[in-house]
Amino acid sequence: MSTLRDLAEEHTHLRPADIDHLHRIAGDWQLLSDLSFADLLLWVPVDADGTFLCVAQVRPTTAPTAYQDDQVGRIIGGSEVAHLAVAYSQGRIWREGDPVWYGDVPARHEAIPVRLRTADGEAGEVIAVVGRDTNLSTARTPSQLELNYLTTADDLAQMIADGTFPPPRHPGETTSAPRVGDGLVRLDAGGKVTYASPNAQSAYRRLGYAAHLVGEDLAALHRRLAGDPLDGTEAATGILAALRGEAPPRREIDARGATMLTRALPLMPAGVPIGALVLVRDITEVRRRDRALITKDATIREIHHRVKNNLQTVAALLRLQARRVAMPEARVALEESVRRVASIALVHETLSMSSDEAVEFDGIVDRVASAATEVAATEVSVGMRRQGSFGVLPAEIATSLVMVLNELLLNAVEHGFPPSDEADEPVPAASGMVPVAAPEVDPALRPEVVVSAHRFRKMLHVSVTDNGRGLPPEFDAERGSRLGLQIVRALVTGELRGTIELRAGVDGGTEALLVVPLGRSGLDGRSQV
Ligand SMILES: Nc1ncnc2c1ncn2[C@@H]1O[C@H](COP(=O)(O)OP(=O)(O)OP(=O)(O)O)[C@@H](O)[C@H]1O
Ligand SMILES: [Mg+2]
């Protein structure tokens, strides 16, 4: 379906400022529709041929519609537009005439000219017409509520014709709140309540005001009700501003654990301030849910923070133990455990700082990778590089994946580029006990480990590639009693439900290929690369 802007640009000569005003009307006119118990159609004249085009439509939520069918895009002319033409050319609200029949639905037509005031506040021209069409099939003697609504609707209709409704919007405000059905209070020019709908009365009751609102000075009442004196003053100021003819921003009033959203609108038909309309909505439940979510979020972050602290304590204890152990093998084993624990702590540290259960994983990989080079045999300087991006990963994948990568990286550094006395044949960079001077080494042979990651069809593909001395001839990926690759296999096939393969690299060295599905966590929509 075409938008208001598309239709107006295609069929009319309206200027951008005119179209913006029509958008503002369409953003705020549900209020008028509900108060009028009527459908509203926004008509713009099509060039000079006397026809009108419907560019927007709204149905009342308080009454049956006069139009079962969508009217947007319809072009009408002839006798059908007579009332629109009068409103358009004479700039006045047209409301005489007999009911019109749509099939078996009788309807009353009215036409409200839409005026756009000039920048310096002059009356300006009529740019469109709002058709207000009431379904009369259920019409009966109106109740007090209905009479109040209709009176207010007429004031707002006059303000559309004057160019003073809708009021300018405050930055960041949406059209979503509040609506007529939530609660409506009408004030006279002195700020006293002349009418309060039953829903409005209920909303105030939740704030602790049980008496009848009619006759109350609403600004004073808001000041009294608000739990926080500053809020109360603000709420009161807003109402006083509306009484002066200004449109204050929406305000929330908190009292006794309840929250009410208020919107005050000036009523000034024909430029005369006659009072204000205050729409109120009880948003206690919405705010309670917001607060619950915020607390839950903070609690989860706090838990991650504590887990991180505990893991760091465990690492510190193991480090302490390692220093006291005399047997070199035992010491190495303990030091390795320190690193394993520390790399998990890294994930929890990141989670404790993020706002949800997902982590930006690249930073973690880079830290684990540089830690791995540091522990490498001191005489070899191994370069580390990351290609591509892991993107954002859900926490449960991140924790296992960081363990796996830690093992693969340590293996690449430790076994790919072992200290020379361990190496079967000398590795170029590892030859001699002094650090190798750069010019002597073929750059292609400079010890290097590359971690690459990319996503393809909801799978994360990771490889850890080194250009070291390669896997030993007796190497068997499925067997082997060492701990490192056992951890890797257990995590990859278990927690991660992925696959791992260790093989000889294309240009020598070793390549570990890892594929992990990302779909099952339900976080997929958020995980962008
Ligand atoms: N990138 C690699 N280059 C060469 N050999 C490797 C590489 N990765 C693994 N290996 C071989 O596979 C063996 C098993 O690795 P694994 O990580 O299971 O044990 P480890 O590293 O020897 O001990 P740890 O339990 O401390 O990790 C290694 O001892 C090594 O011989
Ligand atoms: Mg290992």
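How many bridges pair strand β5 with strand β6, and in which sense do the two strands run? The views below start there. This is a predicted model, so local features need pLDDT of at least 70 and side-chain atom pairs count only at pLDDT 80 or more, while totals for chains, interfaces and linings use all residues. Residues are numbered from 1 along each chain as its sequence is written, chains are lettered from A and ligands numbered from 1 in the order in which they are written, and side-chain values use heavy atoms, with hydrogens and water left out.

**View 1. The β5–β6 pair.** Strand β5 (residues 105–116) and strand β6 (residues 125–135) are antiparallel and share 10 bridges. Look for L116, whose bridge partner in β6 is E125. Strands here are DSSP runs of E with at least two residues, helices are runs of H or I with at least four, and both are numbered from the N terminus. Two strands count as paired if DSSP finds at least two bridges between them.

View 2. Zoom out and 6 strands make an open, antiparallel sheet, ordered β3-β2-β1-β6-β5-β4. β3 (75–76) and β4 (100–102) sit at the edges with a single partner strand each, so one side of each has no neighbour in the sheet. Helix α2 (residues 16–28) lies across β1 (39–46), β5 and β6, at about 135 degrees to β5. Contact here means heavy atoms within 4.5 Å. Angles run from 0 to 180 degrees between N-to-C directions, with axes fitted to C-alpha atoms, for helices over the stretch in contact.

**View 3. Two backbone spots in loops.** F165 and P166 are joined by a cis peptide bond, with omega about -5 degrees. P166 is in the loop between α5 (144–162) and β7 (184–188). The other spot is R256, a non-glycine residue with a positive phi near 50 degrees. R256 lies in the loop between β9 (251–255) and β10 (258–267).

**View 4. Around ligand 1.** Of the 17 residues around ligand 1, the nearest are E336, N411, H415, D466 and L485; a residue is near if one of its heavy atoms lies within 4 Å. An N or O atom in the side chain of E336 is 2.2 Å from a ligand oxygen, and a polar side-chain atom of H415 is 2.6 Å from an oxygen atom of ligand 1. On the D466 side chain, an N or O atom is 2.9 Å from a ligand nitrogen.

**View 5. Who supplies the shell.** α10 (328–353), α12 (395–416) and α13 (483–493) each bring at least two residues to the shell around ligand 1. α12 gives the most, with 5 residues.

View 6. β17 and strand β18 (residues 510–517) run antiparallel, joined by 6 bridges, and E501 stands opposite L513 in β18.

Conventions
A polar contact is a pair of N or O atoms within 3.5 Å; within protein, one must be able to donate a hydrogen and the other to accept it, and residues adjacent in sequence count only if both atoms are side-chain atoms.
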